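Visitor: I have not looked at this structure before. Please show it to me, and then let me ask about it piece by piece.

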Amino acid sequence: MLTLIPALTSIPTLWLQITIVAVWVLLILLVSWVVSRFTDDSEIVRKIVHIGTGNVILLAWWLDIPASVGITASIVASIVTLLSYRLPILPGINSVGRQSLGTFFYAVSFGILVGCFWYLQQPQYAAIGIMVMTWGDGLAALVGQRFGQHKYKVFGASKSWEGSLTMTLVSYIVSSLILLGVQGNIWQIWVVSLAVAIAATGLEAISFLGVDNLTVPLGSAGLAFVLMQLLLAN
């Protein structure tokens, strides 16, 4: 696809792919920095980074970036986020007001999903896992904090039914769109998407130490993959 652009043919494909992704990430960080200049709401800044960087999985899929690059990026990001809990590297991103390893788990989940589903040549399931976490959890947190009037607790963590409903709806839409684009309009995708949405909502509710940033993407991707294999085989 990239070779169709004459001005880019002299650049090695891998470096061009990495450059595109790097520019996207830098753009997201720039946007988050600008927004932080105009608001004291650190949650808005965190969600801009959370949602913006999560979309890298779509770029990686579209550009067909090698799994080794995705895994390496995940390892580097994981190390940086671990260091940031001790050093002021990512203060705006990690300041969630509670003890959490969510940013670290987020980076780890990316590497695991790319490693598994790039190897299986089924990158759409890695995209489902990351995008459910990116958009579902990201928007659920924002809706829950601003409009969540009906609270409930799971293992001491406070959630809202409004936020959980958002998680379910967004997860269903994300899963449906990705599967629809790959499989076409078949009945299996609507069943699988519903199952993924319900499972992701349940996993997101169990979020002590930010572990949902690992269980939601892995659980969503794994469930979608298994169910699609079972339903398409019948």
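**Questions and answers**

Visitor: Is Q121 buried or exposed?
Guide: The relative accessibility of Q121 is 68%. Buried means under 20% relative accessible area, exposed over 50%, and partly exposed in between (1.4 Å probe, protein chains only). At 68%, Q121 therefore counts as exposed.

Visitor: What kind of model is this?
Guide: Residues are numbered from 1 along each chain as its sequence is written, and side-chain values use heavy atoms, with hydrogens and water left out. Local features need pLDDT of at least 70, side-chain atom pairs count only at pLDDT 80 or more, and totals for chains, interfaces and linings use all residues, since this is a predicted model.

Visitor: What is the phi of Q121?
Guide: Q121 lies in the loop between α6 and α7; helices (H or I, at least four residues) and strands (E, at least two) are DSSP runs, numbered from the N terminus. Most residues other than glycine have a negative phi. Q121 is not a glycine, yet its phi is positive, at about 60°.

Visitor: Which loop holds D64?
Guide: D64 also has a positive phi, near 55°, without being a glycine. With a relative accessible area of 57%, D64 is exposed. Its place is the loop between α3 and α4.

Visitor: Which residues meet in the one salt bridge of the structure?
Guide: Side chains of opposite charge can pair when their charged atoms come close. The cut-off for a salt bridge is a side-chain nitrogen of Lys or Arg within 4 Å of a carboxyl oxygen of Asp or Glu. At 3.0 Å, N to O, the pair that meets is E204 and K159.

Visitor: How many residues apart are E204 and K159?
Guide: E204 is buried at 6% relative accessibility, and K159 is buried at 14%. E204 belongs to helix α9 (residues 187–205) and K159 to strand β2 (residues 157–160), so the pair links distant parts of the chain, 45 residues apart.

Visitor: What volume has the largest pocket?
Guide: On a 1 Å grid over the protein atoms alone, a pocket is an open set of points where a 1.4 Å probe fits, with protein on both sides within 12 Å along at least five of seven lines; lining residues have an atom within 4 Å of a point. Grid points are joined across faces, edges and corners, and the volume is the space filled by probe spheres set on them. For the largest pocket this is about 970 Å³.

Visitor: Which element gives the largest share of that lining?
Guide: The lining has 33 residues, and those closest to the pocket centre are V25, T53, V56, A73 and A77. Elements giving two or more residues include α1 (13–38) and α6 (102–119). The largest share, nine residues, comes from α4.

Visitor: How far apart are the end C-alpha atoms of helix α8?
Guide: Helix α8 (residues 161–183) has 23 residues. The expected span is 1.5 Å times one less than the number of residues, so α8 should span 33 Å. The distance between its end C-alpha atoms agrees with that, at 32 Å.

Visitor: Which residues does I44 touch, beyond those up to four places away in sequence?
Guide: I44 is found in helix α2 and is partly exposed, at 27% relative accessible area. Contact means heavy atoms within 4.5 Å. By that rule I44 touches V35, L142 and R146.
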